[in-house]
Amino acid sequence: MPRPELHRILLGIAASLLLAGCQDYWAGTSEPPPGDPDKGAELISSQGCGSCHIVPGIIGADGLAGPSLENIALRGYLAGVLPNTHDNMVQWLMDPPAVDPRTAMPDLGLTQAQATDIAAYLDTLK
């Protein structure tokens, strides 16, 4: 016969493990990620990211073709395939089809510096 207290303990452990995997990537670090969030915001606007995505803080970024980027810094994965780290975000932004050949997101031809700045802005979306 199942014991309710054991189920509560196991559920508590499972919930703790899930939440631990969803913690803010930068929690506990003293340094912010590399890049300039202000330049990143300008690039998001000039590259037209808002034509496909909702991007909080970017005027006119209200596209619905791609996912909303609201709270993207809190998500566990990018595009469902990469752990959500700053370096992985830069990799994704530089060449999305190389990460996931089935993605609808095009390669925008971003330089590493541009992708780093955009990732720095996206890191602020919590």
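A residue is called buried here when its relative accessible area is under 20%, exposed when it is over 50%, and partly exposed in between (1.4 Å probe, protein chains only). Keep those words in mind as we walk through the chain. This is a predicted model, in which local features need pLDDT of at least 70 and side-chain atom pairs count only at pLDDT 80 or more, while totals for chains, interfaces and linings use all residues. Residues are numbered from 1 along each chain as its sequence is written, and side-chain values use heavy atoms, with hydrogens and water left out.

Let's start with the overall layout. The chain contains five helices and two strands, where helices (H or I, at least four residues) and strands (E, at least two) are DSSP runs numbered from the N terminus. Of the 126 residues, 31% count as buried. The chain exposes about 8,000 Å², and carbon and sulfur atoms supply 59% of that area; accessible areas come from the Shrake-Rupley method with a 1.4 Å probe, and for residues only the protein chains shown count as cover. A contact means heavy atoms within 4.5 Å. Among contacts between residues at least 6 apart in sequence, 45% join residues at least 24 apart.

At the start of the helix, a side-chain oxygen of Asp36 reaches to within 2.8 Å of the backbone nitrogen of Asp38. Just after H2, Gly48 takes a positive phi of about 80°.

In soluble globular proteins, nonpolar side chains tend to be buried together. A nonpolar core is a set of buried Ala, Val, Leu, Ile, Met, Phe, Trp, Tyr and Cys residues joined through side-chain atoms within 4.5 Å. The largest one here has 24 residues, of which Ile44, Val55, Met89, Leu93, Tyr121 and Leu122 touch the most other members. H2, helix H3 (86–94) and H5 are the elements that give two or more residues to this core, and H5 supplies the largest share, five residues. Take Leu122: leaving aside residues up to four places away in sequence, it touches Ile44, Leu69, Ile72, Ala73, Met89 and Leu93.

H3 also holds His86, which counts as buried because its relative accessibility is 2%. The side chain of His86 makes a polar contact with the side chain of Asp123 (2.6 Å). Such a contact is a pair of N or O atoms within 3.5 Å; within protein, one must be able to donate a hydrogen and the other to accept it, and residues adjacent in sequence count only if both atoms are side-chain atoms.

Now for the loops. Asp62 sits in the loop between H2 and strand S1 (77–78) and, at 56% relative accessibility, counts as exposed. Asp62 and Gly50 are 12 residues apart in sequence and 5.6 Å apart in space, C-alpha to C-alpha. Not counting residues up to four places away in sequence, Asp62 touches Gly50, His53 and Ile54.

Most residues other than glycine have a negative phi. Asn71, also in the loop between H2 and S1, has a positive phi near 60°, and its relative accessible area of 31% makes it partly exposed. Ala79, in the loop between S1 and strand S2 (82–83), has a positive phi of about 55° although it is not a glycine. At 43% relative accessibility, Ala79 counts as partly exposed.

Finally, the cysteines. A search of the whole structure finds zero disulfides, a disulfide being a pair of cysteine sulfur atoms within 2.5 Å. The sulfur of Cys49 is 8.5 Å from the closest cysteine sulfur, in Cys52, and that is too far for a bond. Cys49 is buried, with a relative accessible area of 16%, whereas Cys52 counts as partly exposed at 33%.
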